Amino acid sequence: MNYITFGRFTLPADLLAAFAAIFIGALIYRAKEKKSIDDWYWNSFFLYIAVYKLSYAVFNFKLFIDTPFSLLYFNGGTEGQILAYIGIALYLYWLARKKGNTIKEYLPVYFIFFLLYWTGLFAFSQDYLATAIQTVLLLGFILFFFKNIKLAVEYAIFFLMLEALILSLFSDMLSVENLLIFALGIYLIILQRFNKEEIQH
């Protein structure tokens with residue numbers, strides 16, 4: 001894992017890339033839609049962080065009971081990440097059942113966030129070739145987004161495959177973190193597809 005140092009503070013590059021992607025993604029959405037992004041976006045990140053951190057207590061219960069403040073410094077690891085993504089998937093499913101019209105925002109926002117995230121991660125890691133190629137894909141999707149082109153299943157799979165190609169060249173595409181991100185993307189594609197069929201019926 002790469003780290004970035006700011007004065008006396010050292011932070012993991014993936015954490016910085018994630019926070020940058022969260023706020024830049026919301027700004028891109030606002031620039032295009034002329035309104036703030038709905039609460040589901042912020043709630044999803046809050047849910048991810050809460051489950052990821054609190055899962056430490058579940059998987060290390062004895063250590064947590066002995067030293068409760070260890071929760072401040074540790075997280076649930078890989079198992080916690082898996083639980084956090086499952087939590088997001090269940091939350092978005094529940095929301096889709098409650099507000100069917102929100103679901104059309106999920107996929108474009110998913111791509112904007114994660115394309116920004118990977119671009120930032122490559123940049124913070126000083127992998128400039130990967131950053132340049134990732135930026136081209138990011139700009140291509142943003143252009144797609146601003147042109148109001150409907151993100152059909154075929155387009156979504158196309159962008160996922162392009163991202164998989166970049167990660168296979170410059171990163172570990174089969175890492176748990178990347179596989180969970182791809183799994184969430186495939187889940188959202190399926191969710192959008194089923195929601196569309198339900199509306200048509």
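## Before we start

Keep in mind that this is a predicted model. Everything below is read from that prediction.

## Two helices side by side

Let's begin with a pair of helices. Two packed helices are described by the angle between their axes and the distance between the axes. Here the pair is α2, running over residues 39-59, and α4, covering residues 77-98. Their axes come within 8 Å and cross at roughly 145 degrees. As for handedness, the crossing of α2 with α4 is right-handed.

Which residues do the touching? On the α2 side they are Trp40, Asn43, Ser44, Leu47, Tyr48, Val51, Tyr52, Ser55 and Phe59. Facing them from α4 are Gly77, Glu79, Gly80, Gln81, Leu83, Ala84, Tyr85, Gly87, Ile88, Tyr91, Leu92 and Leu95. Sort the residues of this contact by type and you get 13 nonpolar, seven polar and one charged.

## Rings that meet

Now for the aromatic side chains: the structure has 27 aromatic pairs. One of them brings together tryptophan 40 and tyrosine 106, with ring centres 4.8 Å apart. The planes of these two rings stand at 65 degrees, and edge-to-face pairs are those over 60, so this pair counts as edge-to-face. Tryptophan 40 sits in helix α2 and tyrosine 106 in helix α5 (residues 103-124), so the pair links parts of the chain that are 66 residues apart. Are these two residues buried or exposed? Both tryptophan 40 and tyrosine 106 are buried.

A second example is phenylalanine 141 with phenylalanine 159, whose ring centres are 5.0 Å apart. Their planes are at 85 degrees, so this pair is edge-to-face. Phenylalanine 141 belongs to helix α6 (residues 128-146), while phenylalanine 159 belongs to helix α7 (residues 153-170). Those two positions are 18 residues apart in the chain. Phenylalanine 141 counts as buried because its relative accessibility is 1%, and phenylalanine 159 is buried too, with a relative accessible area of 8%.

## Salt bridges

How many salt bridges does the structure hold? The count is two. One joins lysine 32 and glutamate 33, where the closest N and O atoms are 3.0 Å apart. Lysine 32 has 18% relative accessibility, which is under the 20% cut-off, so lysine 32 counts as buried. Glutamate 33, at 30% relative accessibility, counts as partly exposed.

The other bridge is between lysine 62 and aspartate 66, with an N to O distance of 3.2 Å. Both of these residues lie in helix α3 (residues 61-66), where they are four residues apart, about one turn of the helix. Lysine 62 is exposed, with a relative accessible area of 63%.

Isoleucine 4 has its place in strand β1, which spans residues 3-6. With 17% relative accessibility, isoleucine 4 counts as buried. What does isoleucine 4 touch, leaving out residues up to four places away in sequence? The answer is Phe9, Thr10, Leu11, Ala13, Leu16 and Phe124. For a sense of distance, isoleucine 4 and glutamine 81 are 77 residues apart in sequence, and their C-alpha atoms are 22 Å apart in space.

Threonine 119 is in helix α5. At 10% relative accessibility, threonine 119 counts as buried. Not counting residues up to four places away in sequence, threonine 119 touches Thr131, Gln134, Thr135 and Leu138.

## Positive phi in the loops

Last stop: backbone angles. Most residues other than glycine have a negative phi. Glutamine 126 has a phi near 60 degrees, a positive value in a residue other than glycine. Where is glutamine 126? Glutamine 126 lies in the loop between α5 and α6. At 57% relative accessibility, glutamine 126 counts as exposed.

Asparagine 148 has a positive phi as well, about 60 degrees, although it is not a glycine. Asparagine 148 sits in the loop between α6 and α7. Its relative accessible area is 57%, so asparagine 148 is exposed.

How values were computed. Residues are numbered from 1 along each chain as its sequence is written. This is a predicted model: local features need pLDDT of at least 70, side-chain atom pairs count only at pLDDT 80 or more; totals for chains, interfaces and linings use all residues. Side-chain values use heavy atoms; hydrogens and water are left out. A salt bridge is a side-chain nitrogen of Lys or Arg within 4 Å of a carboxyl oxygen of Asp or Glu. Buried means under 20% relative accessible area, exposed over 50%, partly exposed in between (1.4 Å probe, protein chains only). Axes are lines fitted to C-alpha atoms, for helices over the stretch in contact, and angles run from 0 to 180 degrees between N-to-C directions. A crossing is left-handed if the near helix is turned anticlockwise from the far one by less than a right angle, and right-handed if clockwise. Contact means heavy atoms within 4.5 Å. Ala, Val, Leu, Ile, Met, Phe, Trp, Tyr, Cys and Pro count as nonpolar, Asp, Glu, Lys and Arg as charged, and the others, Gly among them, as polar. Rings of Phe, Tyr and Trp (its six-membered ring) pair if their centres lie within 6.5 Å; planes under 30 degrees apart count as stacked, over 60 as edge-to-face and the rest as tilted.
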